[in-house]
Amino acid sequence: PAYVDEFNARIDAGGFIEPKDWMPEAYRKTLVRQISQHAHSEIVGMLPEGNWITRAPTLKRKAILLAKVQDEGGHGLYLYAACETLGVSRDDLTEALLSGRAKYSSIFNYPTLNWADIGVIGWLVDGAAIMNQIPLCKCSYGPYARAMVRICKEESFHQRQGYDALLQMMKGTKEQREMVQDAVNRWWWPSIMMFGPHDKDSVHVDSMRWGIKRISNDDLRQKFVDATVKQAEVLGVTLPDPALKWNEARGHYDFGAIDWDEFWSVVKGNGQCNVDRLAARRKAWEDGAWVREAAMAFSAKQAARKLAA
Amino acid sequence: PAYVDEFNARIDAGGFIEPKDWMPEAYRKTLVRQISQHAHSEIVGMLPEGNWITRAPTLKRKAILLAKVQDEGGHGLYLYAACETLGVSRDDLTEALLSGRAKYSSIFNYPTLNWADIGVIGWLVDGAAIMNQIPLCKCSYGPYARAMVRICKEESFHQRQGYDALLQMMKGTKEQREMVQDAVNRWWWPSIMMFGPHDKDSVHVDSMRWGIKRISNDDLRQKFVDATVKQAEVLGVTLPDPALKWNEARGHYDFGAIDWDEFWSVVKGNGQCNVDRLAARRKAWEDGAWVREAAMAFSAKQAARKLAA
Amino acid sequence: MATNQEHTEYVLRIGDNALILGQRLSEWCGHAPVLEEDMALANMALDLIGQARMLLTRAGALEGEGRDEDRLAFLRTEGHYRNLTLCELPNHDFARTKVRNYLFSTFQVLLLSRLVGSTDAELAAIAGKSLKEARYHQQHSGDWVIRLGDGTEESHRRTQEALDYLWPYTAEFFAPAPGEDAIAAAGIGPAWHELEQSWEAQVHPLMVEATLTVPPRTPFKSYGKFGRHSEHMGHLLATMQYMQRTYPDTQW
Amino acid sequence: MATNQEHTEYVLRIGDNALILGQRLSEWCGHAPVLEEDMALANMALDLIGQARMLLTRAGALEGEGRDEDRLAFLRTEGHYRNLTLCELPNHDFARTKVRNYLFSTFQVLLLSRLVGSTDAELAAIAGKSLKEARYHQQHSGDWVIRLGDGTEESHRRTQEALDYLWPYTAEFFAPAPGEDAIAAAGIGPAWHELEQSWEAQVHPLMVEATLTVPPRTPFKSYGKFGRHSEHMGHLLATMQYMQRTYPDTQW
C-alpha cells in the first residue's frame with residue numbers, strides 16, 4: 001500500500017522516519033531492541049567505571065570520572081526517551097534488563113582492575129563505541145539519529161580524556177606504565193569484539209536495508225584497528241596481538257583471529273561480571289522501589305490537593 | 001522464716017548461693033540486672049574493637065585482636081548462661097538490650113579512632129574492668145562468681161597484651177607516640193567513670209549487703225588510679241588530668257573532678273556511638289532472624305525424623 | 001587579627017566538608033533509585049569536589065607549606081581533616097542521603113552567602129562560584145525531603161528516622177571553633193554560630209511541610225570539625241586515599 | 001625440577017587463600033546471627049590468619065628477598081596476590097558465607113592432606129598443624145549448609161542462591177597453574193586438578209543431603225590465583241593495607 005511505499009521511499013532517499021510516521025512493525029521492534037540495548041549499556045556501563053570513583057587518585061581525575069559517568073546516565077536517558085517515542089515505557093525496558101531478557105554490551109561484563117582501566121575504557125571502549133555510533137547519527141529513525149549526534153560528541157570528549165590520562169601515566173613511573181599495559185592487555189580483544197560477529201555470521205540484514213545500520217561489522221572493526229594501532233604507538237603500549245601488522249596490499253592492518261567462543265560465552269552470561277552487574281542493577285532497583293512509590297504517592301496527593309483547591 | 005535466715009546466714013558466712021537455693025526476689029532481680037548488663041557489655045564491646053580487625057597493622061596484631069574479641073564473645077556466653085540459671089532466657093535478655101531497656105557499659109559508646117585505641121582499651125578499659133570484677137569472683141552468687149574467675153583471668157591477659165602493644169608503639173615513631181597519647185587523652189576519663197558514681201550518690205546499697213558488690217566505687221576507682229599512674233610513667237604518656245598528683249598523707253594519688261554531666265549524658269543515650277552501637281546489634285539480630293528460624297526448623301525436622309524412624 | 005593558621009583552618013573546614021560529602025555522594029553512582037537521581041547525585045558530588053579543589057588549593061596557599069589540593073585531600077591522617085561529622089556518615093538509604101543534603105546545603109547556602117563578602121578575595125570568589133550550586137542542592141534535596149516525608153507510610157517512616165538520626169550531628173555546625181571570632185573580626189567569614197538562627201528558621205518550616213517532627217536538642221556532641229571523627233571516617237579514608245598511599249609521589 | 005619461583009608461588013597461592021578468606025571472615029565479627037557464630041567465625045578467621053602467617057613466612061623464605069609475612073600480606077599490589085577469587089568475594093549473607101566456607105574448606109582438607117607428605121618439610125609441618133583446623137571448618141560449615149538448605153523455605157532459597165553464585169568460581173580451584181607439574185614431580189604438593197574428583201565426590205552428596213541442586217558447569221572462568229582478581233579485591237585491599245600504606249616502615 002501507499003504508506004509502505006512512502007516509508008521505503010523515505011528510507012531510500014536517506015530521509016528520517018519520525019515517531020508519528022507509519023513504520024513496519026519489524027522496523028519498530030528492531031529499533032526498540034537496538035536502542036534499548038544501547039540504553040542499557042550506558043546504564044550498566046556506569047558500574048565498571050563507578051567502581052573507581054571513590055578511589056580516583058587525584059581530585060581532578062575524580063571530577064573527570066564523575067562527569068563522565070554522569071554523561072553516561074544522560075545518554076541512557078536520551079536513549080530511553082528515543083525508545084519511548086516507539087511506544088515502550090522506561091519501566092518496561094528496565095524490567096526487561098533486570099529479568100535478563102534484554103541484553104547490554106558485553107564489554108561491561110569485564111572488571112575494572114586498576115586505575116588505568118578507566119583511561120583504557122575511554123580510549124578503546126569509547127573509541128570502539130564511537131566507530132559503531134557515528135554511522136548511527138545518520139540512521140533512518142529521527143529521534144535515534146539525533147540522540148546519537150549528541151552522544152557521539154560527548155563520547156569523543158571522553159575518548160580524548162581517556163587517552164590523555166594514559167599519556168600522563170605513560171610519562172610517569174614504571175608501575176604506571178605497567179598498569180596501562182596490563183589494562184590494554186585485558187581490554188584490547190573485548191574492544192575488538194564490540195563490533196560483533198563477522199559479517200558472514202551476522203543476522204541483522206534488515207538493519208542494513210532499513211538504514212539503521214549503514215556500515216558492516218567487519219568494516220567498522222577494521223577502521224577501528226587501523227586508527228588504534230597508531231595511537232598505541234604514540235602511547236608506547238603493545239597491543240596484545242602478535243599477528244597485528246600492516247598489510248600494504250590491503251592498505252589496512254591485519255590482525256589475529258578473534259576468540260568467538262569467549263565472545264558468545266560472555267554474551268550468554270558467563271563473563272566475569274555478568275552476575276554481579278545485573279545483581280547491582282537489581283539491588284538498586286529493588287532498594288529504590290519505596291522511593292519511586294513515594295514520589296508517585298506524593299504526586300497524586302499534590303494533584304488531589306490542586307483539584308480540591 | 002527459716003529459708004530467709006538460712007540465706008542471710010550463708011551470705012554472712014561468705015558462702016555461695018546456688019541456682020536451686022531459695023533467694024529473695026530482689027536479690028534475683030539485682031543479679032539478673034547486673035549480670036545481663038555485664039553480658040551485654042561484652043557483646044556490644046565487640047564492636048569498637050571489631051572496628052579495627054580488618055585494618056590491624058600486622059598479621060600478629062590482627063590475630064591477637066581476633067582472639068581477644070572472640071574471648072569477649074565467650075564472656076558474653078558464660079554470663080548469659082549465668083543469667084539463665086536465674087530463670088531468664090538469652091532471647092529475652094537480647095530483646096531487652098535491643099529495645100534499649102537494658103543497659104551496657106557506657107564506655108563502649110566511645111569510638112575507636114586510631115590503632116592505639118585498641119591497646120588503650122586493653123590497658124585502661126580492661127584494666128578498669130578487672131578492678132571492678134576481681135571482687136566479683138567472690139560474690140555471693142555461685143555461677144556468677146565462677147564465671148568471673150574465668151573472665152578475670154582472660155581479661156588480665158588482654159590487659160597485658162594491650163599494654164605490650166602500647167609499649168611497642170611508644171618505642172616507635174613520633175606518629176605512633178602521638179597516636180598513643182591521643183588515645184589516652186580520649187579514654188582516660190571514660191575509664192575513670194567506669195567505676196560509676198561516687199559512693200555518696202550510689203543507689204545500690206543492697207548489692208553490698210547481699211555480698212554481690214564487696215568494694216565501693218570510690219575505693220575501686222582509687223585503686224585503679226594508683227595502679228595506672230605508674231604504668232603511664234613507664235609507658236611515657238601523660239594522663240590528661242593536671243590535678244593528678246601523689247598525696248603523701250592519703251598514700252594515694254589525688255585526681256581531678258569527674259565530669260558527671262558527661263557520664264549521665266552518655267548513660268542516657270547521648271554518647272557518640274550509642275545510636276550506632278544499638279543499630280549494629282539490631283541489624284545483626286534482624287538480618288540473622290532467618291538463620292535462627294532455619295536452625296530451629298531443621299532441629300524440629302530432625303526430631304520428627306528420629307521419632308518416625 | 002586572625003592568624004594565618006586560623007585562616008587556613010577556617011578554609012579547610014569549608015573545603016573538607018565539600019570533599020568528604022562529595023566522596024560520600026559519589027558512592028551512589030550507579031546505585032540510585034531512579035536514573036535521574038544517579039545523575040543528580042553524581043552532579044552534586046561533582047559540584048562538591050569542584051568546590052573542594054578550589055578551597056583546598058586556597059588553604060594550601062594560606063598554609064604556605066607547598067601542599068596542593070591533592071596532598072591535602074589524600075595525604076592527611078584522620079585527625080587533620082576538619083569536616084563536620086555529618087558529612088562523613090555513611091549514606092545508608094536514600095532518605096538519609098537526602099535529609100543530610102538538605103541539612104547541610106541549607107547551612108552551606110547561608111555560609112557561602114556571607115563569604116561572598118569576605119575580605120579574603122579568593123575565598124569570596126570561590127563562594128560566589130559555589131553559591132549557585134549550593135542553592136540548587138538545597139532546592140533539590142528540600143523537594144525530596146518534602147516528597148519523601150509526605151509520600152507513603154514507609155517513606156515517611158524512613159525520612160523521620162533519617163532526621164532523628166542526623167539531627168544531633170547538626171549541633172556541631174554551630175559549635176564555636178577556635179579562632180572563629182578573630183576570623184569574623186577580620187571580615188574573612190562569619191563565626192558559624194551566627195548562622196544558627198537563620199538555619200533553624202529555614203529548616204523547621206520545611207520539616208513541617210514534609211510532615212516531619214524535628215527532634216528536641218540533646219547534649220549529644222560530635223567533633224569532626226575539631227579533627228575528632230566518627231568511626232566511619234577511617235573507612236572512608238582507607239578507600240579514598242588508597243591510590244595516593246600505594247603510589248606515593250606519582251603524577252596522574 | 002621445580003624452580004624456586006614456582007615453589008614460592010605454589011606456597012603463596014595457599015597462603016593467600018588463608019589470608020584473604022581470613023580477612024573476609026573477620027568482617028563478620030560482632031554482626032553474626034547468633035553469638036556462637038560470632039565466635040565461630042572469629043575463630044575460623046583466626047585459624048586462617050595463623051595459617052597465612054606460617055605460609056607467607058615460608059614463601060618469603062623461599063623467595064629469598066627478605067620479605068616477611070607482613071610485607072607479603074600488606075605491601076603487594078593487587079596483581080601479586082595469588083588467592084582464589086572465591087576467597088575474596090564479599091560475605092553477602094550468612095548462607096553465602098557458609099557455602100563458601102564449605103566449598104573452600106573441603107578443598108583445603110584435600111590439599112593439606114596431601115601436603116603433610118610434602119618434600120618441603122616446612123610446608124609439611126604447616127600442613128600438619130593446619131589440617132585439624134580445616135577439618136573443623138569443613139565439619140562446621142557442612143553442618144550449616146545442611147541445616148540452612150533443609151531449614152525453612154527462605155533459608156533454602158538463600159542457600160541455593162549462594163551455591164548458584166559461588167559454584168562457577170570453584171572451577172578455578174582445579175585450573176592448571178604454571179609450574180604445578182614440576183611441583184608435583186618434585187613431591188612438593190599435588191597439582192590441584194588432581195584433587196578435583198575427590199572434591200566433587202564429597203561435595204555432591206552433602207548438597208543432596210542439604211536438598212540443594214548443584215548447578216551445571218559453565219564456561220565461566222575466574223583468574224584470582226593467576227593474579228587477575230575480581231573488582232571486590234581492590235576494596236578489600238584498600239582496607240586491609242591501610243595502616244601499612246599510611247605508616248610505612250613502622251613496627252607495631
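Predicted model: local features only at pLDDT ≥ 70, side-chain atom pairs only at ≥ 80, totals over all residues.
Residues count from 1 along each chain as its sequence is written, and chains are lettered from A in the order in which they are written. Local features need pLDDT of at least 70, side-chain atom pairs count only at pLDDT 80 or more, totals for chains and interfaces use all residues, and side-chain values use heavy atoms, without hydrogens and water.

Start by selecting chains C and A. Here 47 residues of chain C are in contact with 47 residues of chain A (heavy atoms within 4.5 Å). Together the two chains bury about 4,000 Å², with 70% of it on carbon and sulfur atoms; buried area is the accessible area (1.4 Å probe) lost on being put together, summed over both parts.

Next, pick C:Leu35, C:Met39 and C:Trp252, which supply 18% of the area that chain C buries against chain A, more than any other three residues.

Now show A:Arg90 and C:Glu36: they form a salt bridge, with the closest N and O atoms 2.3 Å apart. The count between the two chains is 3 salt bridges (a Lys or Arg side-chain nitrogen within 4 Å of an Asp or Glu carboxyl oxygen).

Colour chain C by helix next. The largest share, 11 residues, comes from α2(C) (helices are DSSP runs of H or I, at least four residues).

How values were computed. Helix = DSSP H or I, 4+ residues; strand = E, 2+ residues; numbered from the N terminus.
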